[in-house]
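Take a look at the model below.

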Amino acid sequence: MSSQRIDLPADLVAQIKESQGAVQLPASIQTQLCALAMSAKTHSYSPYSKFPVGAAALAEDGTVYLGCNVENASYGGAICAERTAFVKAVSEGQRSFVAVAVVTNLRSFASPCGFCRQFMVEFGKNLQVIIFSYRACIRSIVPLFCRFTCASKMEASNSTPSRT
């Protein structure tokens, strides 16, 4: 699964840069992200949970990085689809993101876990998390504003947390 490109309209790119990523994506782009996340889900390695997940992380420049969950018998060694997509992107030098689409086989919506949310907020405080149900690419937008207290305190003090 290599990265893909979505042609973002020039006015949308300008809005993204002005608002530091806090932009509502058009439905057409959300649908493209859904399709890419669905294709990523087909590569899931989930023999233990039988819960395949696909993700598509949209960078500010229109590059989309795909990821799927990869499980391990140790469970702690598993990685979620969202983090897979972001790790691939960051390892290629990408640091600024607009949105991430997440797809599962559930008939209802499945939100990213807390670990993934904390991981993603490092690369986009205004990141849109777009979750899709399996039955139809019905969108539910979840703004990524949930942050652990530790991360907020670190940013405010620009220091590392104490281990008390």
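The largest pocket holds about 240 Å³ of space. This is a predicted model: local features need pLDDT of at least 70, side-chain atom pairs count only at pLDDT 80 or more, and totals for chains, interfaces and linings use all residues. Residues are numbered from 1 along each chain as its sequence is written, and side-chain values use heavy atoms, with hydrogens and water left out.

How is such a space found? Rolling a probe the size of a water molecule over the atoms shows where empty space is left. Here a pocket is an open set of points on a 1 Å grid over the protein atoms alone, with protein on both sides within 12 Å along at least five of seven lines. Lining residues have an atom within 4 Å of a point. Grid points are joined across faces, edges and corners, and the volume is the space filled by probe spheres set on the points.

By type, the lining divides into 13 nonpolar, four polar and three charged residues.

Now the overall fold. The protein has five helices and six strands; these are DSSP runs, numbered from the N terminus, with helices (H or I) of at least four residues and strands (E) of at least two. Along the sequence the pattern reads β-α-α-β-β-α-β-α-β-β-α. Of the 164 residues, 42% count as buried, that is, under 20% relative accessible area with a 1.4 Å probe and protein chains only; exposed means over 50%. Take contacts (heavy atoms within 4.5 Å) between residues at least 6 apart in sequence: 63% join residues at least 24 apart.

Next, helix α2. Its 15 residues, 27–41, reach 21 Å from first C-alpha to last, close to the 21 Å expected at 1.5 Å a residue. The expected span is 1.5 Å times one less than the number of residues. Buried in α2 are I29, Q30, L33, C34, L36, A37, A40 and K41.

Two loop residues have positive phi. K50 sits between α2 and β2 (53–59), with phi near 55 degrees. K50 counts as exposed because its relative accessibility is 64%. Y75 lies between β3 (63–68) and α3, with phi near 60 degrees. Y75 is exposed too, at 56%.

Methods:
1 Å grid on protein atoms, 1.4 Å probe; cavity = no way out; pocket = protein on both sides within 12 Å on 5 of 7 lines; lining within 4 Å. Nonpolar A, V, L, I, M, F, W, Y, C, P; charged D, E, K, R; others polar.
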